[in-house]
Amino acid sequence: MKFTTAIATAILAGSALAAPERGLAARVKARAAGARGSRPLQTVQKPAGVTNKTNVEYSSNWSGAVLENPPSASATYTAVTGTFTVPEPTGGSGSSSASAWVGIDGDTYSEAILQTGVDFTVTNGQASFDAWYEWLPDYAYDFTGIDISAGDVIVAIVESYSSTSGIAIIENQSTGQKVTKELSSSSPLGGINAEWIVEDYEENGSLVDLVDFGTVTFTGAEAKAAGGQTVGLTDATIIEITQNNKVVTDVTIDSDSEVTITYV
């Protein structure tokens, strides 16, 4: 995604939700045109009447768990991994989507994000799935050579070799397929954040209609820092999606290595 001035203006204006084009040709076209991509975390105020919770933030586009600070200035995050089962999204007429991914940066550090994951979309009642990778502010690209269905167990990994180079990996443990992509960017990572997220992503500068994705649980969730330290979810911040002044997700950190995101 090219994070253009027009997109930034749309964010500040509070973009309306939009239905994405679907079908393989439309998806390839959208990505090639820089039309489909993630946004950094877009924070919103806690809706009125929501019970106070500790270590919870609210966003228009992200839901999940975020490590907002590295172990130390010299031990920034260099890898994030998580395993999840592809959900069975539901919906009626029209089109709606969401995406589950792991990533480095994009919360308190918004200059770049290295991320990889799976989109799930329902178009007129039919579900489809796409594996992708992205180094924001460039747009997202589809992986080829991998098939994904509801119920498949997916391992998602991103790792940075340096602030401007790294790798994205998606492995479908249910089929044995695995795809990788080495990446480089002129937009350096900070290594400040590590994330396990379900996102309401954007197409053509607006958020897509958020699909009812049921539940996504990341297991084996861990981040690695420079020097070899491994960090879990104990001190992670919970992010909830809020749209139209309503909280539409429910996130629980079940253990140091597991977080559950539920559509409500």
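This is a predicted model: local features need pLDDT of at least 70, side-chain atom pairs count only at pLDDT 80 or more; totals for chains, interfaces and linings use all residues.
Residues are numbered from 1 along each chain as its sequence is written, and side-chain values use heavy atoms, with hydrogens and water left out.

The protein chain contains two helices and 20 strands; these are DSSP runs numbered from the N terminus, helices being H or I of at least four residues and strands E of at least two. Of its 264 residues, 54% count as buried, where buried means under 20% relative accessible area, exposed over 50%, and partly exposed in between (1.4 Å probe, protein chains only). The accessible surface comes to about 10,600 Å², and carbon and sulfur atoms account for 48% of it; the areas come from the Shrake-Rupley method with a 1.4 Å probe, and for residues only the protein chains shown count as cover. Among contacts (heavy atoms within 4.5 Å) between residues at least 6 apart in sequence, 70% join residues at least 24 apart.

The largest nonpolar core has 51 residues, and Phe84, Phe120, Trp196 and Phe218 are those with the most contacts inside it. Such a core is a set of buried Ala, Val, Leu, Ile, Met, Phe, Trp, Tyr and Cys residues joined through side-chain atoms within 4.5 Å. Apart from this core lies another, of 10 residues, among them Ile113, Trp132, Ile197 and Ile239. Leaving aside neighbours within four places in sequence, the contacts of Phe84 include Ala100, Val118, Ile154, Val216 and Phe218.

All six residues of the strand, 194-199, are buried, so β12 is largely enclosed by the rest of the structure. What pairs with this strand? Strand β3 (residues 62-67) is joined to β12 by six bridges and runs antiparallel to it, with Ser63 having Val198 as its bridge partner. Strand β5 (residues 95-104) is also joined to β12 by six bridges, again antiparallel, and here Ile104 stands opposite Ala194. Two strands pair if DSSP finds at least two bridges between them.

Glu199, in strand β12, carries the feature "active site" in UniProt, in an unreviewed entry; such annotations may be inferred rather than shown by experiment, and their positions are given in the numbering used here, with feature names shortened. Glu199 counts as buried because its relative accessibility is 0%. Beyond neighbours within four places in sequence, Glu199 is in contact with Ser38, Arg39, Asn61, Trp62, Ala98, Ser99 and Trp101. Its side chain and that of Trp101 are joined by a polar contact of 2.9 Å. A polar contact is a pair of N or O atoms within 3.5 Å; within protein, one must be able to donate a hydrogen and the other to accept it, and residues adjacent in sequence count only if both atoms are side-chain atoms.

An open sheet of three strands has the order β1-β13-β14, with antiparallel pairing. β1 (36-37) and β14 (206-207) stand at its edges with a single partner strand each, so one side of each is left without a neighbour in the sheet. Two bridges join β13 (residues 202-203) to β14, and Glu203 stands opposite Ser206.

Finally, Thr144 lies in the loop between β8 (141-142) and β9 (153-162). Thr144 counts as exposed because its relative accessibility is 66%.
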